[in-house]
Amino acid sequence: MTQHDDIGTSTDLVRYRIQAARGDLRAARILFKEEEYRAANNRAYYAIFRVINAVHALDGKAYKRHRDAIANFNKNYIKPEIFPRKIGREIAEAEEIRHASDYDDFYIATKEEAAEQIKVASELIDLLETYCENRIRKDSREMKSQPGE
């Protein structure tokens with residue numbers, strides 16, 4: 001699906017999604033502190049999902065279905081080793097844990113598991129935000145160096 005940016009630029013959208021991811025990460029930390037581990041898993045996962053979608057926005061893409069966003073991230077960024085394969089595995093695990101936390105009636109989310117989800121989300125946000133900002137700067141330099149039309 002192509003991204004429609006009727007409001008703001010694609011750069012604005014990238015940065016908005018990163019801020020939304022950071023907001024979800026803050027919420028995960030608050031829930032963790034309150035020992036709400038299932039909900040913390042949910043918010044940590046959504047932080048990951050939103051920052052993945054920030055990367056997709058760099059390419060003018062948007063995916064409503066989580067499966068599509070993750071599959072395309074793996075195809076375009078993990079498989080060509082722009083990001084380490086380890087990240088692809090961490091994302092898949094985060095999705096599984098979020099799904100179990102949200103939908104499995106008798107799933108018991110542990111403190112250790114929630115702490116790991118938050119750690120993964122935090123590291124991923126930092127890594128992908130750096131990537132996005134570098135791409136934005138690079139794209140901006142390239143546009144300035146192209147001859148006028």
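User: Before we start, what does contact mean here?
Analyst: Contact means heavy atoms within 4.5 Å. Keep in mind that this is a predicted model.

User: OK. Which residues of H1 and H5 meet?
Analyst: From H1 they are Thr 11, Val 14, Arg 15, Ile 18, Ala 21, Arg 22, Leu 25, Ala 28, Arg 29 and Phe 32. From H5 they are Lys 111, Ala 114, Ala 115, Ile 118, Ala 121, Ser 122, Ile 125, Asp 126, Glu 129, Cys 132, Glu 133 and Ile 136.

User: How many of those are nonpolar, polar or charged?
Analyst: The contact of H1 with H5 has 13 nonpolar, two polar and seven charged residues.

User: And how do H1 and H5 pack, what angle?
Analyst: Helix H1, residues 10-33, packs with H5 at an angle of about 165°, and their axes are 10 Å apart. Angles over 145 degrees count as roughly antiparallel, so H1 is roughly antiparallel to H5. The crossing of H1 past H5 is left-handed.

User: Let me pick one residue. Is Ser 122 buried or exposed?
Analyst: Ser 122, which lies in helix H5, counts as buried because its relative accessibility is 18%, and the cut-off for buried is under 20%.

User: What is Ser 122 in contact with?
Analyst: Leaving aside neighbours within four places in sequence, Ser 122 is in contact with Leu 25 and Arg 29.

User: New topic, Arg 50. Where is it?
Analyst: Arg 50 is in helix H2. With 31% relative accessibility, Arg 50 counts as partly exposed.

User: Which residues does Arg 50 contact, neighbours within four places aside?
Analyst: Those are Arg 17, Ala 20, Ala 21, Asp 24 and Arg 43. Arg 17 is 33 residues from Arg 50 in sequence, but the two are 5.7 Å apart in space, C-alpha to C-alpha.

User: How about H2 and H4, what is their angle?
Analyst: H2 and H4 pack at about 140°, with axes 9 Å apart. That is why H2 and H4 are oblique to each other. Their crossing is left-handed.

User: Which residues make that contact between H2 and H4?
Analyst: On the H2 side they include Tyr 45, Tyr 46, Ile 48 and Ile 52. On the H4 side they include Ile 91, Ala 94, Glu 95 and Ile 97. The contact of H2 with H4 divides into eight nonpolar, three polar and four charged residues.

User: Last one, H3. Which residues are buried there?
Analyst: In helix H3, residues 66-78, the buried ones are His 66, Ala 69, Ile 70, Asn 72, Phe 73, Tyr 77 and Ile 78.

User: What covers the buried residues of H3?
Analyst: The cover includes helix H2 (37-58), helix H4 (85-103) and helix H5 (111-145).

Definitions and conventions: Residues numbered from 1 in each chain as written. Predicted model: local features only at pLDDT ≥ 70, side-chain atom pairs only at ≥ 80, totals over all residues. Heavy atoms only, no water. Buried < 20%, exposed > 50% of the residue type's maximum accessible area, 1.4 Å probe, protein only. Helix = DSSP H or I, 4+ residues; strand = E, 2+ residues; numbered from the N terminus. Axes fitted to C-alpha atoms, helices over the stretch in contact; angles between N-to-C directions. Parallel < 35°, antiparallel > 145°, perpendicular 65-115°, else oblique. Left-handed = near helix turned anticlockwise from the far one by under 90°. Nonpolar A, V, L, I, M, F, W, Y, C, P; charged D, E, K, R; others polar.
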